[in-house]
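Let's take a walk through this one together, a piece at a time. Keep the viewer open and follow along.

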Amino acid sequence: MKSKHKMKDTGMAWSARVTGAVLLLAGLGLIAWNEHRVMDYGAAIARHGSPVLDLGAEGRPSAGQYGSMTRVSGTPQILDAPRDPEFNVRADSPILIRHVEMFQWREITVGGSTHYELDWVDRPIDATNFAKPAGHVNPGAFPIQGRQFEAGEVKLGNFKLSTPIIRAFPGRIDIAPDEHKLPANLAATFQRVDDKLVTSSKPSNPRLGDLRISWEAVPVQSMTVLARIDGDTLAAREPKDGDPGFDVQVGDRSLLDVLPALPEPPQAVLLVRLAAFVLAALGALLLACTSRLRNDVLFAAGIGAVVVPAVAGVMWLAGDAMTASVWLLVAVLGAGLAIWRVQQRSASPSD
């Protein structure tokens with residue numbers, strides 16, 4: 001009878017050891033697979049040209065970020081709005097644009113037939129090049145020029161935006177001037193018609209040389225910017241092959257939307273590392289089932305904290321010494337825990 005029980009106990013012990021060995025190897029295989037995919041992702045990012053930080057809307061400038069590309073999203077904050085000082089027109093926008101048109105003669109040739117008509121045109125037309133310049137002479141240079149006014153400071157999230165990025169913001173909306181805020185000399189010359197100012201005494205029947213002035217602004221809307229971190233500012237990286245060195249898109253776009261060629265980051269990296277440790281610790285606990293250290297959870301945790309970080313640390317040695325040193329430090333601490341438990345059990349009376 002005792003022999004049967006002994007054989008049964010021996011069989012259970014062997015089963016526990018085999019299961020423990022399988023779990024331990026599974027933990028090691030899992031950590032090796034996980035670190036391999038993390039390293040592959042890092043290599044793919046490096047081939048892309050520079051590290052890309054996905055800071056989103058909450059990211060802040062910090063040490064160690066200089067020169068990195070980053071994705072930042074949110075609604076721009078206009079800290080110093082642009083203003084047209086001549087006409088006293090202001091807009092809560094990154095950019096304010098003044099358009100100037102003059103009522104001028106245009107030459108139109110269709111099917112070999114040339115005719116002339118008066119129309120609003122945003123540039124001076126030289127009538128001396130007309131086929132029939134007589135009776136179609138234009139006034140010449142505009143007395144008032146079109147201009148673009150830019151905000152003194154625009155922020156996206158916690159970063160300032162450089163001028164080239166601000167100028168790349170898409171979209172236009174009309175800005176209506178306030179005729180009551182015009183300087184006295186301009187108020188005597190211009191009158192408001194819809195959202196424009198005109199010099200025509202009869203706006204429905206403008207005369208040659210009349211001016212029409214209107215304003216547009218870039219709308220304030222949700223934006224996503226991919227650019228280089230330069231201190232507390234987002235700026236363009238070195239432009240090449242027609243690439244301006246940054247990207248601007250409307251809306252909250254993911255990093256993969258902005259950079260479709262970028263590889264997808266590995267998922268659940270920390271969770272997989274924890275699972276590998278748990279498997280290795282359970283394996284160690286089962287392997288020690290017939291020893292003095294049976295049921296010693298701390299010893300098993302120590303062994304798990306040795307073998308899993310040791311494998312990861314060795315894998316990282318060739319590519320990232322800092323990461324490897326962190327893993328190996330954890331392995332040393334795990335070894336200290338396991339050794340301490342062995343000494344504690346050795347000093348205690350036999351179970």
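Which backbone nitrogen does the side chain of Asn 138 reach? That would be the backbone nitrogen of Trp 105, at 2.7 Å. Keep in mind that you're looking at a predicted model. Asn 138 sits in the loop between β7 (residues 113-121) and β8 (residues 147-150). There is a second contact here too: a polar atom of the Asn 138 side chain lies 3.2 Å from the backbone oxygen of Ile 125. And is Asn 138 buried or exposed? With a relative accessible area of 10%, Asn 138 counts as buried, because the cut-off for buried is under 20%.

Now for the largest nonpolar core. This core has 21 residues, and the ones touching the most other members are Leu 161, Ile 165, Phe 169, Val 225, Leu 234 and Val 248. The largest share comes from β15, which gives four residues.

On to the helices, starting with α5. Helix α5 runs over residues 269-287, which makes 19 residues. From first C-alpha to last, α5 reaches 27 Å, close to the 27 Å expected at 1.5 Å a residue. Which residues of α5 are buried? They are Val 269, Val 272, Ala 276, Ala 280, Ala 281, Gly 283 and Ala 284. A bit of helix geometry is handy for reading such a list: an α-helix has 3.6 residues a turn, so residues three or four places apart point the same way.

Leu 271, Leu 274, Val 278 and Leu 282 make a nonpolar surface patch of about 360 Å². Take Leu 282, which has its place in helix α5. Why is Leu 282 called partly exposed? Its relative accessible area is 41%, so Leu 282 falls between the 20% and 50% cut-offs.

Ser 291 is partly exposed, with a relative accessible area of 28%. How far apart in space are Ser 291 and Met 315, C-alpha to C-alpha? The answer is 32 Å, for a pair 24 residues apart in sequence. Asn 295 lies in this loop between α5 and α6 as well. Asn 295 is exposed, at 66% relative accessible area, and its phi is near 65°, a positive value in a residue other than glycine.

Asn 88 also has a positive phi, near 55°, and it too is a residue other than glycine. Look for Asn 88 in the loop between β4 (83-84) and β5 (89-90). Asn 88 is partly exposed, with 29% relative accessible area.

Let's finish at α7. This helix covers residues 321-347, 27 residues in total, and spans 39 Å from its first C-alpha to its last, close to the 39 Å expected at 1.5 Å a residue. Which residue caps the N-terminal end of α7? Asp 320 does: one of its side-chain oxygens lies 3.1 Å from the backbone nitrogen of Met 322. Further along, the buried residues of α7 are Ala 324, Trp 327, Ala 331, Gly 334, Ala 338, Arg 341 and Arg 345.

Technical notes
Residues numbered from 1 in each chain as written. Predicted model: local features only at pLDDT ≥ 70, side-chain atom pairs only at ≥ 80, totals over all residues. Heavy atoms only, no water. Helix = DSSP H or I, 4+ residues; strand = E, 2+ residues; numbered from the N terminus. Expected span 1.5 Å × (residues − 1). Buried < 20%, exposed > 50% of the residue type's maximum accessible area, 1.4 Å probe, protein only. Polar contact = N/O pair within 3.5 Å; in protein donor to acceptor, adjacent residues only side chain to side chain. Patch = residues over 30% accessible without salt bridge, like charges linked within 9 Å, V, L, I, M, F, W, Y side chains within 5 Å. Areas by Shrake-Rupley, 256 points an atom, 1.4 Å probe, with all protein chains shown as cover. Salt bridge = Lys/Arg side-chain N within 4 Å of Asp/Glu carboxyl O. Core = buried A, V, L, I, M, F, W, Y, C linked by side-chain atoms within 4.5 Å.
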